[in-house]
Amino acid sequence: MHKFLILTFLSILLVSACKSTKEFTGFSYDPPNVTDTTDREINPQKNRVIGIGSPKVWISNEFEGARVNDFYQSPDGAFQVDILPENAPINNSPWFAFKIWSEQPQTVQLRLAYPTSRNRYIPKITDENGTPMPIDMEEAEYDSATGSLTFELNLTEEATLVSAQKVTDSDYFDNWFSQITEANDVRQRVIGQSKQGRDLHEFTITNSSLNHPKGVLIILSRQHPPEVAGYLTAEHFIKYIATDNSELTQLFRDHFVTLAYPLINPDGVMNGHWRHNAAGVDLNRDWVNFNQPETKAVTDAILHATQDSTLQVYYGIDFHSTNENIFYPINEEVVTRPDNVTQRWAVEVIKDNPDILFVSEEFDTSSPISKNWIYRTFGADAVTFEVHDELSHDQVESMAVSAAKSLMQLLLREKGVDITEN
Ligand SMILES: [Zn+2]
């Protein structure tokens, strides 16, 4: 009875939380013709170092993940950074990242300006430990007419990294990929190349010593470059399934194969894109036509990995981020095998993370996105899981770990595995 009451209470929370998404913010706006995924023209940023003013202030976008389109001093004396997207139309995910320094220590007014958009991310200053620390937004000035954000910044001769989110370059991914591949039950494979020739990676996590029929869990992430919170959630989620040695996780590796594709849009990430791949296309609208090499490679790899008739796809998660934590489940009326996994999992995730607000908004299966491809191809349930852009890294880690545990329990029960001791 008690448990029932808690569940009822949580469902009411979930339902009432749904209503808040009605206050549409425009962040998940889809421009017209977004489902035409043939190649479009890109306006690449010029990678350069610009110095202005006296004493001189320098800015650089000569590194992976950087984005700066112009830098100049505006009439009020503020140092203005113009940020433009890779192409348009595009939704409002204005990624920026640059290094900035001065020939003499000084405090400047720095303005982030978006000629075609408006500020979205809280700027972060990366400290000496490599941790991006959000600026105090109380002290920053947002201009609602232009969408620009102005704040004070102390500069020295040493470069300060300012970015929308944590910058993840190819060294970062190489490191993480090799770390995860060291785990006993993980195999790594290059499944193809991006538009610009970067490797696309697949991680297969399972205990190969056991040979009974297995379930399959599919994990996708980073189709959209600035969605770092979603990516980091996927990272902790994958790491936990791959390396945790509790009885639960070992049972999961015995009974399930996890197929993970954590970096689907490496070109967009390295080029500091707002949303698209190097062909100017939103990859998460290309899961019907497969015009882009990234979506083609990932779906070919999943089809290849699941062709063994003893495997059954149970569930898929595509990690994203936006300005709130949202589950986008497949509509409850659509029958999947197993059914309503997201709805049941969301109850557990909400219960385990009382300090984080989650909402849920169901969709039909018509749009050409990854979760609908998983449903159409395998009849399985799948979710787009949006993580709040501004969750702290500690929050992301604890939420990801608890979410991995509750999903493993749910899927093992669904497969009829006795997990009473967990
Ligand atoms: Zn996204």
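At 2% relative accessibility, His224 counts as buried, where buried means under 20% relative accessible area, exposed over 50% and partly exposed in between (1.4 Å probe, protein chains only). This is a predicted model, so local features need pLDDT of at least 70 and side-chain atom pairs count only at pLDDT 80 or more, while totals for chains, interfaces and linings use all residues. Residues are numbered from 1 along each chain as its sequence is written, and side-chain values use heavy atoms, with hydrogens and water left out.

**View A. The zinc ion and its donors.** His224 (ND1), Glu227 (OE), Glu227 (OE) and His320 (ND1) coordinate the zinc ion at 2.1 to 2.5 Å. Donors here are N, O and S atoms within 2.8 Å of the metal (3.2 Å for Na, K and Ca); water is not among the atoms, so sites may look incomplete. Along the chain, the donors are spaced H-x2-E-x92-H. Glu227 is buried, at 7% relative accessibility. Why is the arrangement irregular? Because the four donor atoms subtend angles of 56 to 146 degrees around the zinc ion. For four donors, tetrahedral needs all angles between 85 and 135 degrees; four count as square planar and six as octahedral if opposite donors are over 155 degrees apart and all others between 65 and 115, and anything else is irregular.

**View B. Asp389 and its partners.** Asp389 sits in the loop between strand S19 (381-388) and helix H9 (393-414); helices (H or I, at least four residues) and strands (E, at least two) are DSSP runs, numbered from the N terminus. Asp389 is buried, with a relative accessible area of 5%. Its side chain makes a polar contact with the side chain of Arg120 (3.0 Å). A polar contact is a pair of N or O atoms within 3.5 Å; within protein, one must be able to donate a hydrogen and the other to accept it, and residues adjacent in sequence count only if both atoms are side-chain atoms. Beyond four places in sequence, Asp389 is in contact (heavy atoms within 4.5 Å) with residues including Arg120, Tyr121, Gln165 and Ser321.

**View C. Two cis peptide bonds.** Most peptide bonds are trans. The bond from Ala88 to Pro89 is cis, with omega near 0 degrees, and Pro89 lies in the loop between strands S4 (79-82) and S5 (97-102). From Arg337 to Pro338 the bond is cis too, with omega near -10 degrees.

**View D. Asn33, with a positive phi.** Phi of Asn33 is near 60 degrees, and Asn33 is exposed, with a relative accessible area of 59%.
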